[in-house]
Amino acid sequence: MAVLFRMPVVLGLFVGVMVLGLASSAKFDELFQPGWAPDHFIFEGEQLNLKLDNSSGAGFASKSKYLFGKVSMQIKLVEGDSAGTVTAYYMSSDGPNHNEFDFEFLGNTSGEPYLVQTNVYVNGVGNREQRMNLWFDPTKDFHTYSIRWTQRQVVFLVDETPVRVHTNMEHKGIPFPKDQAMGVYSSIWNADDWATQGGLVKTDWSHAPFIASYKGFEIDACEAAVSVSADDNAKKCSSSGEKRFWWDEPTFSELSLHQNHQLLWVRANHLVYDYCSDTARFPVMPVECEHHRH
Ligand SMILES: *[C@@H]1O[C@H](CO)[C@@H](O)[C@H](O)[C@H]1NC(C)=O
Ligand SMILES: *[C@@H]1O[C@H](CO)[C@@H](O)[C@H](O)[C@H]1NC(C)=O
């Protein structure tokens with residue numbers, strides 16, 4: 001207990017030390033810029049609306065790349081008929097051996113539930129899909145979707161509830177994404193060849209434009225310098241000596257007991273697909289899946 005009570009004080013200190021490299025803001029412009037179709041961006045004060053119509057979708061990207069930390073944004077997904085549309089929110093590095101952490105929100109016909117697909121790419125290879133539904137209607141209100149990335153794990157969170165954990169198992173020879181700086185991206189596009197009921201339901205363009213709304217952009221992460229080598233960025237963003245980053249603290253190396261319970265609840269009640277259980281697709285279970293067994 002004593003340790004628990006001391007934690008906030010200790011964390012406070014770290015925050016004081018880690019001013020360098022910290023970016024945190026609620027304003028779109030400070031952190032992001034349109035990536036494509038700037039004419040499909042609609043700004044309403046602090047809120048950004050991305051529009052998909054029969055001429056284009058739209059997407060934005062962070063101005064900087066980051067190593068470790070936490071990225072959050074509040075998103076309200078396409079209301080009404082969103083079948084065929086996908087709203088993606090992800091972190092990704094560049095190049096053929098890129099790493100990527102994905103949230104993909106798969107639309108549906110009016111009244112039918114959105115599916116949330118998550119995926120993790122390591123060294124250019126994905127195929128780690130999980131799919132779940134949500135415990136609320138994500139088209140009615142804004143909800144906070146976050147990715148927390150430490151050297152120990154990648155955690156996907158919905159309103160601070162962990163919905164997926166990808167654990168560092170380098171000790172078993174399994175590569176873990178921790179050497180490549182990643183940008184933060186979001187976009188809306190037409191994916192009616194696969195998104196809704198496996199591609200059976202097509203986008204009904206008479207219901208366009210399809211709008212996904214955003215606000216509350218936050219990035220609390222180590223900004224990687226473009227001019228610096230990957231090794232030097234890795235050093236810059238790792239704790240050493242007096243330099244302590246919160247993402248290297250033991251508290252964030254694994255889920256708390258409470259978060260573990262939340263994750264089990266999500267998996268028991270909302271998970272509808274897990275590549276780890278797809279024996280038709282993977283007759284031999286992917287190595288990192290062994291850890292998912294509780
Ligand atoms: C796209 O939508 C607009 C507005 O609904 C319509 O006028 C136009 O004909 C559509 N274009 C195509 C190629 O379907
Ligand atoms: C859409 O709704 C159907 C029927 O409820 C459901 O089976 C499906 O998983 C939902 N989501 C997608 C993306 O197809």
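**Exercises on strands, a sheet and a ligand shell**

Strand β10 is joined by five bridges to strand β11 (residues 153-158), and the two run antiparallel; strands here are DSSP runs (E) of at least two residues, numbered from the N terminus, and two strands pair if DSSP finds at least two bridges between them. The model is a predicted one, in which local features need pLDDT of at least 70, side-chain atom pairs count only at pLDDT 80 or more, and totals for chains, interfaces and linings use all residues. Residues are numbered from 1 along each chain as its sequence is written, while chains are lettered from A and ligands numbered from 1 in the order in which they are written.

**Exercise 1.** Explain why β1 and β15 are edge strands of the open sheet.

*Solution.* First write down the order, β1-β4-β13-β6-β7-β8-β9-β15, which gives an open sheet of eight strands with antiparallel pairing. β1 (32-36) and β15 (271-274) each have a single partner strand, so one side of each is left without a neighbour in the sheet. Then look inside the sheet, where eight bridges join β6 (residues 85-92) to the antiparallel β13 (residues 183-190), and where alanine 88 has serine 187 of β13 as its bridge partner.

**Exercise 2.** Locate asparagine 108 and decide whether this residue is buried or exposed.

*Solution.* Asparagine 108 lies in the loop between β7 (100-106) and β8 (115-121). Asparagine 108 has 23 C-beta neighbours inside 10 Å, and therefore counts as buried. Its contacts (C-beta atoms within 7 Å), not counting residues up to four places away in sequence, include Ser82, Ala83 and Tyr114. Asn108 is also one of the residues around ligand 2, among them Leu106, Glu112 and Gln197, a residue being near if its C-beta atom lies within 6 Å of the molecule. In the UniProt record, an unreviewed entry, the annotation "glycosylation site" covers Asn108; such annotations may be inferred rather than shown by experiment.

Terms used:
Helices (H or I, at least four residues) and strands (E, at least two) are DSSP runs, numbered from the N terminus. A residue is buried if 20 or more other C-beta atoms lie within 10 Å of its own, exposed if 12 or fewer, and partly exposed in between; C-beta atoms are placed from the backbone. Two residues are in contact if their C-beta atoms, placed from the backbone, lie within 7 Å.
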